[in-house]
Structure formats: C-alpha cells, structure tokens
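Please keep the sequence and the structure in view while reading.

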Amino acid sequence: CHAKSKMIGSMAADVTVNVVSNIIYDCMDKEWKGSPDKRKEITERVESCEIFGFNERLRRRAYAKSPILGRLEDLNLSSGLVYVAHVPPGHGKTTACRAFLRASERMPKGIAFCPSRVEPPYARAMLLLLGLDTENPPDGWLTCLLDGLNRDGEQSYLLLDDFMSTGPNASDESLIMGIKAAIRGTTITGIVLTQNIKSADYMLTLNGWAGIVPLIPFEDRLQIRTDATQNRTDPKMDWETDMYTPSIEWSEKALKLAAKVDPRHKKMEEGIRDSLIHNFLKSLPKDQRKVVNPLDVFDMLANDQHLPPHSDDFHIDTNFSQSTANFTTDGGCGGCHVM
C-alpha cells in the first residue's frame with residue numbers, strides 16, 4: 001500500500017510539473033503582457049547585470065582562474081549561439097558565473113541565473129528570481145528578459161548555472177530551444193553550465209551543433225563536425241578529451257591557491273604544502289591530471305595530516321580568493337561551497 005501511494009504521489013508530481021511547464025513555456029516567447037512597471041523593473045535589473053540567486057557567501061574580491069572561468073574568458077564566443085559545457089562538481093560553476101561578469105578583465109554585459117534549487121522546470125526558478133508569478137506568468141516574460149539584453153548593439157551574455165542538472169527532461173528542453181530561437185540574429189550569447197554529462201550530451205543533439213554548440217574553440221568544433229561527416233555519424237563530444245585539455249584543467253598555481261585559503265590546510269607551512277601538491281600532481285597519469293580539482297588536493301593533504309577526508313556533504317567554493325584575508329568562514333565547514 002505504501003509503495004502504491006508513493007507511485008501515485010510521484011505520478012501526481014509529474015503531472016503538476018508538466019502543467020506548470022506548459023503554462024510557463026506557452027507564454028514565454030509572446031509579446032509582453034505584464035505591467036509597465038514590472039517590465040521597467042526587469043529591464044533595470046538586466047541592465048545592472050544582476051546575478052540572480054547568487055549566494056553572497058561565495059563573493060570574493062578576486063578569484064583564482066578556475067578551468068571554466070579560463071575557458072569563458074579565453075574563448076571568442078559568438079553572438080546568437082547557445083554554448084553548453086559539462087562542468088563536474090568541484091570545478092567552480094557558480095562562482096565562475098559571477099567572476100566572468102564582475103571580475104574578469106573583459107567586464108562583459110550580461111546576467112546569470114544561479115538558482116539554489118534546480119529541479120525541472122528550470123524556468124520556474126527563473127520566474128521566482130525575477131519576482132514573477134509561476135502559476136500564471138505574464139505573456140512574454142522571456143521576450144522581456146532578452147529585450148533588456150539585446151540593446152545598444154553590444155554583445156551580452158545570458159548564463160544559466162546548473163541547468164538540466166537532474167538529467168534530460170522535456171521542460172528544460174523547451175526552454176533551451178526557446179532561448180536558441182529567440183537569440184538567433186541578436187547580440188546575445190547564451191551559456192549553459194551543467195554537472196550532468198547526459199544532459200550536456202543531450203542538449204548538443206537538439207540542433208545538430210548549429211545553434212546549440214559545445215563550449216570549445218571554433219576550430220575544435222569544426223574538426224569534430226568534419227570527422228563526423230566523413231564517418232557518417234553525428235558529432236559527439238568526448239568531454240574529458242575535447243573539453244578538459246591542458247588549457248581547461250586546474251593549473252598547479254590555482255590548486256596551490258585553493259589549498260592556501262582552505263580552512264583546514266591554510267595553517268600548514270606554505271613550502272611543505274606546495275611541495276606536497278607539486279609531487280602529488282607529478283605522480284598522476286596524464287588522464288587523471290586533466291580532471292584534478294581542489295577536492296582531490298584537499299583529500300590528499302588531509303591524508304598526509306591524518307585528517308578525515310572532506311565530507312561529501314561539505315560544499316566547497318572552488319573559485320577561491322587571491323588572499324586568505326578575503327575568505328570568510330561560516331560555521332563548522334568553514335563557509336565552503338562547491339556549486
């Protein structure tokens with residue numbers, strides 16, 4: 001009886017999600033029908049380059065150049081495309097969103113959505129952060145949002161953090177396809193970050209690598225597509241090989257900086273700590289070295305000091321400040337957050 005009631009509850013939840021999704025997506029790309037005051041508010045928030053939902057405890061005066069931040073800063077991203085990146089846990093997705101918009105040398109125009117809850121439909125979290133009714137959202141809510149970005153002829157960015165994180169689903173597919181269609185021919189660049197590799201793969205199948213593309217250099221993307229055409233197959237990303245090349249992996253310098261501000265390891269003598277990290281990285285095979293992140297380094301240092309490993313329940317911010325003075329603690333886990 002309990003199992004049956006759980007199944008009925010799950011089916012009811014699915015129906016509710018589908019109903020909400022249909023309402024949200026049916027009205028997102030129409031003409032704005034909300035109040036003039038609300039449109040003005042959304043436009044002003046967009047023009048101020050707001051980072052919606054960002055956890056202020058992750059704010060830093062400066063940031064170590066994490067792999068994904070380096071990729072965002074170094075690539076020449078085209079307007080009118082949606083870029084997708086699989087970013088594993090521990091590689092600093094969320095703080096990279098803020099660092100890219102607020103702390104990078106380019107200081108680009110754009111907004112980011114960093115919802116704390118990412119169950120589908122993702123658009124519901126966007127509506128909540130915009131202060132709009134999720135049960136009866138105004139027509140044209142996405143149009144209004146994008147109109148605020150597509151102004152003055154200047155390239156702008158829409159970043160969606162932790163998108164489709166629970167796996168491929170129809171509601172989030174509708175959103176990314178809607179965004180893809182809406183920004184085509186505009187000055188807007190879409191950037192979608194997900195920790196779910198199945199979702200990343202799935203999103204790239206939606207448009208044949210035309211409007212939705214992987215976050216890799218154009219030359220690499222062209223080569224993968226050319227190889228696929230010659231082999232009469234669909235293009236497919238090998239995320240470890242194609243994404244996490246030496247240019248995207250955590251550098252030794254950034255990993256040392258990460259350990260320097262970690263509450264449990266910053267008191268170690270710096271020379272000893274740096275030497276341990278250097279020798280640890282040198283000992284790894286190339287394929288393992290590519291995907292090393294601060295969590296791996298922290299566990300190695302903990303083992304050397306006979307400390308318990310970092311708990312999976314801890315959240316560790318992996319875009320660390322340049323100075324230990326900028327690191328703030330919060331309770332037992334030292335204010336660390338991995339997003």
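In this predicted model, Thr-187 has a relative accessible area of 17%; because this value is under 20%, the residue counts as buried. Thr-187 sits in the loop that runs between helix 7 (170-183) and strand 5 (188-194). What does its side chain meet there? The side chain of Thr-187 makes a polar contact of 2.9 Å with the side chain of Asn-150. A polar atom of the Thr-187 side chain also lies 3.2 Å from the backbone oxygen of Glu-154.

Strand 3 (residues 109-113) is mostly covered, as five of its five residues are buried. Lys-109, Ile-111 and Phe-113 point to one side of the strand, whereas Gly-110 and Ala-112 point to the other.

| Strand pair | Sense | Bridges | A bridge pair |
|---|---|---|---|
| Strand 1 (residues 51-52) and strand 3 | parallel | two bridges | Ile-51 and Ala-112 |
| Strand 3 and strand 4 | parallel | five bridges | Ile-111 and Leu-158 |

**The nonpolar cores**

Phe-113, at the end of strand 3 (residues 109-113), also belongs to the largest nonpolar core, which has 68 residues. Phe-113 and Trp-141 have the most contacts inside this core. Helix 6 (residues 141-149) gives the most to the core, with six residues. Neighbours within four places in sequence aside, the contacts of Phe-113 include Phe-52, Tyr-122, Met-126, Leu-145, Leu-158 and Asp-161. Another core, of 15 residues, lies apart from the largest one; among its members are Trp-250, Met-268, Leu-281 and Phe-298.

**An aromatic pair**

Three aromatic pairs are found in the whole structure. In one of them, the ring centres of Phe-100 and Tyr-157 are 5.2 Å apart and the ring planes stand at 85°, so the pair is edge-to-face. Phe-100 belongs to helix 4 (residues 93-103) and Tyr-157 to strand 4 (residues 156-160), so the pair ties together parts that are 57 residues apart in sequence. Both Phe-100 and Tyr-157 are buried.

**Backbone exceptions**

Most residues other than glycine have a negative phi, and most peptide bonds are trans. Some places in this chain depart from that pattern. Met-164, which is not a glycine, has a positive phi of about 50°, and Arg-232, likewise not a glycine, has a positive phi of about 55°. Met-164 is in the loop between strand 4 and helix 7, while Arg-232 is in the loop between helix 9 (218-230) and helix 10 (239-243). Are these residues buried or exposed? Met-164 is buried, with a relative accessible area of 0%, but Arg-232 is exposed, at 80%. A cis peptide bond, with omega of about 0°, joins Pro-120 and Pro-121. Pro-121 is in the loop between strand 3 and helix 5 (122-130).

**The chain as a whole**

The protein chain has 14 helices and six strands. Of its 339 residues, 50% are buried. Among contacts with a separation of 6 or more, 77% join residues 24 or more positions apart. The accessible surface is about 16200 Å², and carbon and sulfur atoms account for 50% of that surface.

How values were computed. Residues are numbered from 1 along each chain as its sequence is written. This is a predicted model: local features need pLDDT of at least 70, side-chain atom pairs count only at pLDDT 80 or more; totals for chains, interfaces and linings use all residues. Side-chain values use heavy atoms; hydrogens and water are left out. A nonpolar core is a set of buried Ala, Val, Leu, Ile, Met, Phe, Trp, Tyr and Cys residues joined through side-chain atoms within 4.5 Å. Buried means under 20% relative accessible area, exposed over 50%, partly exposed in between (1.4 Å probe, protein chains only). Helices (H or I, at least four residues) and strands (E, at least two) are DSSP runs, numbered from the N terminus. Contact means heavy atoms within 4.5 Å. A polar contact is a pair of N or O atoms within 3.5 Å; within protein, one must be able to donate a hydrogen and the other to accept it, and residues adjacent in sequence count only if both atoms are side-chain atoms. Rings of Phe, Tyr and Trp (its six-membered ring) pair if their centres lie within 6.5 Å; planes under 30 degrees apart count as stacked, over 60 as edge-to-face and the rest as tilted. Two strands pair if DSSP finds at least two bridges between them. Accessible areas come from the Shrake-Rupley method with a 1.4 Å probe; for residues, only the protein chains shown count as cover.
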